[in-house]
Amino acid sequence: MRVHPVIELLRARAATGSKPGARADPERLALVVEGGGMRAVASCAMTEALERGGLTSCFDFVVGCSAGALNAAAFLAGVAGGCRTEYSGAFASRRFINPYRLLLGKPAVDVDYALDLASQGLDAHRHERTIASPIPLHCIATDVETTEAVALTDLRTLPELRQALLASSRLPWVGGQPVEFRGRRWLDGGLIEALPLDTALRLGATHVLVLQTRPEGVHLPSFEGFADRLAEDRLRAHNPRLVERYRERGRAYEQLTQEILRMEREPRGAPPFVLGLRPPATAPTLGMFERRAEVVRAVAEASLHHAMQAVVSPALAAPGRAVGATG
């Protein structure tokens, strides 16, 4: 079976010990990390697989959206494994997710708590390592005024990193008011670009590994519930145009996931090359606010194993070995 071009590049860089800023090839390899609340444990486990395989330095830049941005920051800090563990630990607790706080006018999801958490697997100095990484982090957030998805980057200080991560993950209604950063107001990047492949390509990627959080064939739920109406009311108060973007996101997401499948299964003879990696079909389906630790853990373990088999093992195989890899 022909090896996918993204795996070929990972394999070549791993074999030669290629480092950012000292490449022997002209390619630009991007890692795109999807979020989705607690569903993002899948993409977190996939970054842990890359971390375990020693493949972090193979990437030229990382683009994360919402919880995927937090996963990306943990990956660059070298604590993807610790982050994955906390999804079924601290992040599955009422301290992080508690819908009843909405009755008190407080956010149901407390991302500040996640950023401040210091544990055995997530040390207090991890954010400093994210900033110091030679691999740039791009956090996708939605500009409230323009209703466009923007990559927040060039994050040189701890306050800048924190605000960018908060902006990327600030869900409407359940997350609180928009985040102020660099003179603009920001909401969750998933409103516009939950899978920021287009941003990675605009940033010059020739090869892209996309870590998705839904198995193939699992679609976005219809946006017709009570919670969606409340979210739309909040969005309308910030900018009426956001409501239209919110309603369009499902269609745009489905089109992009199909395009990723097409690009990975029919790679062209020239860049860009795109490989999607998604949880196996046998993995449980998670909601954004899942708190059942055993279910979260099951998705993490399935995603970790799948990523090791589909990407890491082929990337570490001996040159010339015909190992295929698809999501």
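Student: By class, which residues make up the lining of the largest cavity?

Tutor: Start with the general idea. Rolling a probe the size of a water molecule over the atoms shows where empty space is left. Now the case here, in a predicted model. The lining of the largest cavity has 19 nonpolar, six polar and two charged residues.

Student: How many cavities of 30 Å³ or more does the structure hold? And what is the volume of the largest cavity?

Tutor: The structure holds one cavity of 30 Å³ or more. The volume of the largest cavity is about 340 Å³. Its lining counts 27 residues, and the closest to the centre are Ala67, Leu70, Tyr87, Phe96 and Ala114.

Student: Which elements give two or more residues to that lining?

Tutor: They are α3 (67-77), α4, α5 and α6 (126-132). The largest share comes from α3, with five residues.

Student: Is leucine 103 buried or exposed?

Tutor: Use the cut-off: exposed means over 50% relative accessible area. Leucine 103 has 71%, so it is exposed.

Student: Where do serine 66 and threonine 147 sit?

Tutor: Serine 66 is in the loop between β2 (61-65) and α3. Threonine 147 is in the loop between β3 (137-143) and β4 (149-152). Buried means under 20% relative accessible area. Serine 66 has 8%, so it is buried. Threonine 147 has 4%, so it counts as buried.

Student: Which residues does a cis peptide bond join?

Tutor: Proline 271 and proline 272 are joined that way, with omega about 5°. Proline 272 lies in the loop between α11 (241-265) and β8 (273-277).

Student: Now charges. What can side chains of opposite charge do when their charged atoms come close?

Tutor: They can pair. This structure holds 23 salt bridges. One of them joins aspartate 143 and arginine 184, at 3.0 Å from N to O. The pair links distant parts of the chain: aspartate 143 is in strand β3, arginine 184 in strand β6 (residues 184-188), and they are 41 residues apart.

Student: How exposed are aspartate 143 and arginine 184?

Tutor: Aspartate 143 has 4% relative accessibility, so it counts as buried. Arginine 184 has a relative accessible area of 31%, so it is partly exposed.

Student: What is the partner of arginine 185?

Tutor: Arginine 185 forms a salt bridge with glutamate 145, with the closest N and O atoms 2.7 Å apart. This pair also links distant parts of the chain: arginine 185 is in strand β6, glutamate 145 is in the loop between β3 and β4, and 40 residues separate them. Arginine 185, at 24%, counts as partly exposed. Glutamate 145 is partly exposed, at 32%.

Student: Which residues do salt bridges with shared partners join into one network?

Tutor: Arg13, Arg23, Asp25 and Asp60.

Student: How far apart are the closest N and O atoms of glutamate 34 and arginine 39?

Tutor: They are 3.8 Å apart, in a salt bridge. Glutamate 34 is buried, at 1%. Arginine 39 counts as buried, at 9%.

Terms used: Residues are numbered from 1 along each chain as its sequence is written. This is a predicted model: local features need pLDDT of at least 70, side-chain atom pairs count only at pLDDT 80 or more; totals for chains, interfaces and linings use all residues. Side-chain values use heavy atoms; hydrogens and water are left out. Buried means under 20% relative accessible area, exposed over 50%, partly exposed in between (1.4 Å probe, protein chains only). On a 1 Å grid over the protein atoms alone, a cavity is a set of points where a 1.4 Å probe fits but cannot get out, and a pocket is an open set with protein on both sides within 12 Å along at least five of seven lines; lining residues have an atom within 4 Å of a point. Grid points are joined across faces, edges and corners, and a volume is the space filled by probe spheres set on the points. Helices (H or I, at least four residues) and strands (E, at least two) are DSSP runs, numbered from the N terminus. Ala, Val, Leu, Ile, Met, Phe, Trp, Tyr, Cys and Pro count as nonpolar, Asp, Glu, Lys and Arg as charged, and the others, Gly among them, as polar. A salt bridge is a side-chain nitrogen of Lys or Arg within 4 Å of a carboxyl oxygen of Asp or Glu.
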